[in-house]
Amino acid sequence: MLTESRRRTAVALQGVFGRSYRVPESWDEGLSSEDAALAQAILGLCLRHWGRLYAWIKPRLKTPDRGLPLGSHTAIAMGLAQLAWLPGVSAHAAVNESVLLAADPALGFPAHKGLTNALLRQASKDREGLRAQLDGLPAALDRSPFVEMALSAALAPRKMETHLEELWRALQRPPRPWFKALGNEPLPEGLEPDPVFSEALRLTPEATFPREWLRSGAGMVQDLSSQALMAFAWDQPPQRILDACAAPGGKTTALARRWPQAKLVALEADARRARRLEENLSVRRVAAQVEVAESVAWLRDTEGTFDLILLDAPCSGSGTLRKHPELAWIGDRLDMVRLVRNQRALLEAAIPRLAPGGLLIYAVCSWLPQEGAAHYTGVLEAHADLRPAALWASVFGDQDGATSLFRPDPLRWDGEGFQAFALVRA
Ligand SMILES: C[S@@+](CC[C@H](N)C(=O)[O-])C[C@H]1O[C@@H](n2cnc3c(N)ncnc32)[C@H](O)[C@@H]1O
């Protein structure tokens, strides 16, 4: 019988390649930690190398131009990834599990059971050679037009486009999470401050994941970029704060801890995500008024102004390719026009609700200029009463001096790709 770790991996891959779905957060829930680690490794390798895996398979097919049904494609790619890059998996397990997968009428393509068996058995005779062949294929095979666009956009502000391969190699390393302590309790063993941005904590490679510490609300997982972004230098204590796109609440938590006296309203359009936001805030013992609401409509229908508005807008996620390698294969189908229009609508709804002297922070985990820098310019042109607020150290910008446009250098920064800007109302 197919093992659960491989079955889950196949389901996740088929969601991505068959339906353009993101890999759901809960895709490996309930697996033992050993099985989850294996499933994560196979899924990561297949997503990062789907292009070159197919380039290896294609010339070995009887009719290469007809392509492969997704069921057999998944089974063969998973088998090859294990044979080439996971030496701890026996050749027997890698081949047999893929044959079982191909034979599964729901997930595989039973007519290709023999083909799967033949290709993988042949490949298993020289695993080192297979690895060398796959590693020797051009890296560009694993990049979709969306990835090429994201990498160029990441490098363009510093005119570093010739470093595209270097950035791509960095994005191929599996991500390691960042953490933030929320109290004064002693840190779990193995959590250490980052040498550059000491508020952010990293796990030493041999340490175990601090599940209990997170569950108790003493800390949270938060990417380095989000932590650096939320450390913006602003010394005017706000009384009313709005977090307009709040779940799962990492930035809401940062706002509530920094200004515990302020009235904080957190909006979230998706009811399921709003529940998670409430749970997260409750376990972290931070207070906010959570509203399940679409922000543009809420801002139109309610009264009052805010001294600080955070707009962590829905975006393409192009800056998160390292953590979400599936984006490489579904990004080309995103409706960028609609995304950018929604971002601008959120901005235009939020701006009139800024109190005099109030601060607006807009952020997206994307490198694409139309989702960040273009809104910055567009909004400044359209609103004469807004001024850039240089709240981040020069290291986070691409020019000398403190910056109002947060865009860390992707080649020298280990956090996710982010663009953010800060504006104050005169
Ligand atoms: C980038 S995430 C926010 C991450 C969050 N700020 C954090 O740091 O944990 C964007 C969130 O906004 C929500 N959202 C998207 N469009 C929205 C809208 N028009 N109104 C309210 N929430 C929205 C999404 O469901 C998603 O949970």
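Contact here means heavy atoms within 4.5 Å. With that in hand, here are the close-ups, all taken from a predicted model.

**Figure 1. Helix 3 is mostly covered by the rest of the fold.** Six of the eight residues in this helix are buried. They are W50, G51, R52, L53, W56 and I57. So what do these buried residues pack against? Their partners are helix 1, helix 2, helix 4 (70–85), helix 6 (113–124), helix 7 and helix 15 (327–330).

**Figure 2. H49 sits in the loop between helix 2 and helix 3.** Is H49 buried or exposed? H49 has a relative accessible area of 14%, so it counts as buried; the cut-off for that label is under 20%. The H49 side chain makes a polar contact with the side chain of D142, at 3.1 Å. Setting aside neighbours within four places in sequence, H49 touches W85, D142 and Q172.

**Figure 3. G129 belongs to helix 7, which covers residues 127–136.** With a relative accessibility of 19%, G129 counts as buried. Look for A84 in this view too: its C-alpha is 8.3 Å from that of G129, although the two residues are 45 apart in sequence.

**Figure 4. Domain 1 meets domain 3.** The protein chain is divided into domain 1 (4–142), domain 2 (178–221) and domain 3 (224–425). In this view, 13 residues from domain 1 and nine residues from domain 3 make up the contact between those two. The C-alpha centres of domain 1 and domain 3 are 38 Å apart. The size of an interface is often given as the accessible area lost when the parts come together. For domain 1 and domain 3, the buried area is about 1,000 Å², with 54% of it on carbon and sulfur atoms.

**Figure 5. Polar and charged pairs cross the interface of domain 1 and domain 3.** How many salt bridges are found across this interface? There are two. In E326 and R22, which form a salt bridge, the closest N and O atoms are 3.5 Å apart. Five residue pairs are in polar contact across the interface of domain 1 and domain 3, both partners being at pLDDT 80 or more. On the domain 1 side that touches domain 3, helix 1 (4–19), helix 2 (33–48) and helix 3 (50–57) each supply at least two residues. The residues on that side of domain 1 come out as seven nonpolar, two polar and four charged.

**Figure 6. E199 and K180 form a salt bridge.** The closest N and O atoms of this pair are 2.8 Å apart. E199 lies in the loop between strand 2 (191–193) and strand 3 (201–203), while K180 is in strand 1 (residues 178–181), so the pair ties together parts 19 residues apart in sequence. E199 counts as partly exposed at 48% relative accessibility, and K180 counts as buried at 13%.

Figure 7. The structure holds 22 salt bridges. One of them joins E148 and R143, with the closest N and O atoms 2.8 Å apart. E148 counts as partly exposed at 27% relative accessibility, whereas R143 counts as buried at 10%. The side chains of D335 and R338 also meet in a salt bridge, 3.9 Å from N to O. D335 counts as partly exposed at 42% relative accessibility, and R338 counts as partly exposed at 48%. Which residues are linked in a network of salt bridges? R173, R202, R322 and D414 are.

**Figure 8. Backbone spots worth a look.** Most residues other than glycine have a negative phi, and most peptide bonds are trans. Here, a cis peptide bond joins A247 and P248, with omega about 5°. P248 is in the loop between strand 5 (240–243) and helix 12 (250–258). S20 has a positive phi, near 60°, and is not a glycine. The place of S20 is the loop between helix 1 and helix 2, and S20 is partly exposed with a relative accessible area of 24%. K159 also has a positive phi, near 55°. K159 is found in the loop between helix 8 (145–155) and helix 9 (164–172). At 71% relative accessibility, K159 counts as exposed.

Technical notes
Residues are numbered from 1 along each chain as its sequence is written. This is a predicted model: local features need pLDDT of at least 70, side-chain atom pairs count only at pLDDT 80 or more; totals for chains, interfaces and linings use all residues. Side-chain values use heavy atoms; hydrogens and water are left out. Domain bounds come from an automatic or database domain assignment. Buried area is the accessible area (1.4 Å probe) that two parts lose on being put together, summed over both. A salt bridge is a side-chain nitrogen of Lys or Arg within 4 Å of a carboxyl oxygen of Asp or Glu. A polar contact is a pair of N or O atoms within 3.5 Å; within protein, one must be able to donate a hydrogen and the other to accept it, and residues adjacent in sequence count only if both atoms are side-chain atoms. Helices (H or I, at least four residues) and strands (E, at least two) are DSSP runs, numbered from the N terminus. Ala, Val, Leu, Ile, Met, Phe, Trp, Tyr, Cys and Pro count as nonpolar, Asp, Glu, Lys and Arg as charged, and the others, Gly among them, as polar. Buried means under 20% relative accessible area, exposed over 50%, partly exposed in between (1.4 Å probe, protein chains only).
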